[in-house]
Amino acid sequence: MNTLSTQLRPSSGSPLSVGRSASQVNWGDRVFKVTTAGFAVLIIVTITAMALQMLVSSKLSLREFGWGFLTSTDWNPVLGSFGALPFIYGTVVSSLVALALAVPISIGVAMYLSEMAPPALRGPLAFSVELLAAVPSVVYGLWGIFALAPVMRDHVEPALRTLFGFLPFFQGPNQGFGLLTGSVVLAIMITPTITSVTREVFKAIPRTYREAALALGATRWESIRTGVLPVARPGLVGAAILGLGRALGETMAVTMLIGNRPEISASLFAPSYTMASVIANEFTEATEDLYLAALAEIGLLLFGVTILLNLIARFLVWRVASAGGRA
Amino acid sequence: MRANIRVRGLIDRAVTWLCVLATALAVVPLFSVLYYVAARGLGGVNLAFFTELPAPVGEVGGGAANAIVGSLQLVGLACLIGIPPGILAGVYLAEYGNSALGKLVRFSADVMAGVPSITVGLFVYAIVVLQTGHFSAYAGGLSLAIIMLPTVTRTTEELLRLVPEALREAALGLGVSKWRTTISILLRTALPGVATGVMLAIARVFGETAPLLFTSFSNRYWAESLNEPTASLPVQIFTYAVSPYEDWHRQAWAAALLLVVFVLLLNVSARLLVRPRV
C-alpha cells in the first residue's frame, strides 16, 4: 500500500511533486505526523503507566507478604492478614468451568454458522450471538439473580446431585448462588467471543481443503473433520484462551452470582469469591493502607495474567490466519 | 459397504443437529434476558423514573433521573477524552504504522483491549481519585475513555486501510498534501465505518460498571458539578439488584430496560450504517 504513495509524497521531492521545489519541506505534513504519532505514543504511555501504577499501589502488600500472598488462604481485614488463594481458586475454577461449557457450544455455533446453516439464517443468527456480547455485564447479573439462580437452585443443581452426587463437586447445600451459577453466566458471556474468533479461524481456511475431502466422497462432517479442524486447532486453542482471558477479568455478573465468600470448597454448589469480585466489593470499603495494597496486588495479578493470556491467544490465532493465507 | 455409508450419513446428520442444538443453547439466554428485562422493566418505567431523584431508603417511589443524566455525562466525557486521541492514533497506525513504533503501538492497543475493566478503575483511582481526594465524574469518564481508546484506534486504522489506494493517489497526484488527503479524503470516506466503531465502543462503555465503582462512585442526589461523585445507571442497577428492597428491584429492572434498549439501538443502527456501503 505504501509503494506508490510514498513516491508521490510531495515533500519527498520526486519529479512528480509539481509546483514544489525539491528542498521545500511540507510543514503541514510534518506537524500532522508528529501530532498523530504523539497520540499513538499516548497508548504506549497509558498501558505502561498502568503497569507501573499497579506495582506502586501494591508495594506495601508485596513487601509485607511476598510470595506467601499467593498461597495463604487467610483473608482477614480486621487482623490485617491477607492471602489471595481463595480468590485465585474461585477465579480459576469458575473460569475453567465456564470454558468447559462455552468451548463446545461455541465451536458448534461457529461450525453451524460458517459451514452448515442456510445462508438466510446466517446473518440473523450471527447478529444474535453478537448481541449476547453487547448486553452489559450488570444486566446479566440482574437476570442471573432473578432468573438464572432460581432455575439453578430448583432444577439444574438437584438434577446434577441425583446424577453425579457421588462426586465431591456436586455435594452440599445448593442455594443457586455459588461457583456453578457464576460459571454458567460466565459461559454465556464468553460464548460470543469464542464463537467469533472461531468463525474467523474457519474463514481463514481455504475452501479447497473442504472441497478436496468432499470430492473424495466425504460427508460434510467428514470434510470438516479432516479438512478444517486439524488446520484450525491452534486457532481454536487461541479462541478458547481469549475466552478465558475475558472470563478471568469479568466482574459484575460474577460478583452478583458467585456468593462472595472467601472459602475453598470442592463443591461447585458452594459460594466462592473471585479476584475481580473482591476488588469490586471491598475496594471502596477498605480504609487501611495494607488492605488497599492487598486489593491492588490482586488487581496486579489479574492484570498480568490476562495480558499474558491475550498474548498467547493472539499468537495462536495469528499463526492459523497466516498459515491459511499462505496455502 | 452400504451399511457403512448409512452410518456415515447418520453421523453427519447427528453432528449437524448437535450444532443446531449448540446454536439454540447459545441464543436462548439472549432471548431470556430480553424477555425478563422487557417484562419486569416495563412495570417500573413511568414519568417519575425519568424525572425524580431516588426515594429515601425504605420509601416506595422515586426515580433514577440523576443516574440517567449521570450516565450521559460520564459517556459524554469518555467520548471527549477518548475518541479524538483514538482516531488520531488510528490515523498514525494506518499512515505511518509500518515502523517499529507503529508495531509497538498496535501491540500496546491490543494489550490494552484485553485489560479487565476493573483494573482500569484501580488505575484511575490511583492517579485521579487519590490525587484529588474525592470521587468525580471526571475520574469515571477517564476510566471509560481508557476502555474506549484501543477499540477506537484499531477500528479507525482498519477502516482507513480499506479506503481504495486509487483515492489516495488521485489526491496526492493533484498536489494535495498528505495531511489534507488523509483528513479530507481518507477519513471522510472511512467516516461511516469509523462512526460504527465509535458507536459500538459507546455501547460497550455505556453498560460498564466495574471501573465506575471507585471512580465516579454513586450519588443519591444531583451532582453539583462534574467534580463530584456521580450516579450512573449501571452502578444503580448493581446497588439496587443486591439490595433486599422490592421497590429497588423494580427500579433496577427499569434501569436495565433503559440500558438494554440503548445498547441494542446503538448496535442495530451501527449495523445499518455499514451495510449499504460494504
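Predicted model: local features only at pLDDT ≥ 70, side-chain atom pairs only at ≥ 80, totals over all residues.

Visitor: Great. How many residues of chain A are in contact with chain B?

Guide: On the chain A side there are 76 residues in contact, and they meet 78 residues of chain B.

Visitor: And which helix of chain A gives the most to that side?

Guide: That is helix H2 of chain A, residues 27–57, with 18 residues.

Visitor: What classes of residue does chain A put there?

Guide: The side of chain A that touches chain B has 47 nonpolar residues, 23 polar ones and 6 charged ones.

Visitor: OK, switching to chain B. How is chain B divided into domains?

Guide: Chain B has domain 1, covering 2–42, and domain 2, covering 48–274. Their C-alpha centres lie 34 Å apart.

Visitor: How many residues does each domain of chain B give to the contact?

Guide: Domain 1 of chain B gives 5 residues and domain 2 of chain B gives 5 residues. By class, the domain 1 side has 3 nonpolar, 1 polar and 1 charged.

Visitor: What about the largest nonpolar core? Which residues have the most contacts inside it?

Guide: That core has 187 residues, and A:Val139 and B:Ala256 have the most contacts inside it. Domain 1 and domain 2 of chain B each supply at least three residues to this core.

Visitor: What is A:Val139 in contact with, sequence neighbours within four places aside?

Guide: Its partners are in chain B: B:Val33, B:Val37, B:Gly207, B:Ala256, B:Leu259 and B:Val260.

Visitor: Now B:Val235. Is that one buried or exposed?

Guide: B:Val235 counts as buried because 27 other C-beta atoms lie within 10 Å, and the cut-off for buried is 20 or more. It sits in helix H9 of chain B, residues 233–241.

Visitor: One last thing: where does helix H10 of chain A bend?

Guide: The bend is at A:Arg233 and comes to about 60°, with a proline, A:Pro234, following within four residues. Helix H10 of chain A, residues 220–249, spans only 38 Å between its end C-alpha atoms, whereas a straight helix of 30 residues would span 44 Å.

Methods
Residues numbered from 1 in each chain as written. Chains lettered and ligands numbered in written order. Contact = placed C-beta atoms within 7 Å. Helix = DSSP H or I, 4+ residues; strand = E, 2+ residues; numbered from the N terminus. Nonpolar A, V, L, I, M, F, W, Y, C, P; charged D, E, K, R; others polar. Domains from an automatic or database assignment. Buried ≥ 20, exposed ≤ 12 C-beta atoms within 10 Å, placed from the backbone. Expected span 1.5 Å × (residues − 1). Bend = angle between axes of the 7 residues up to and from the residue. Core = buried A, V, L, I, M, F, W, Y, C linked by C-beta atoms within 7 Å.
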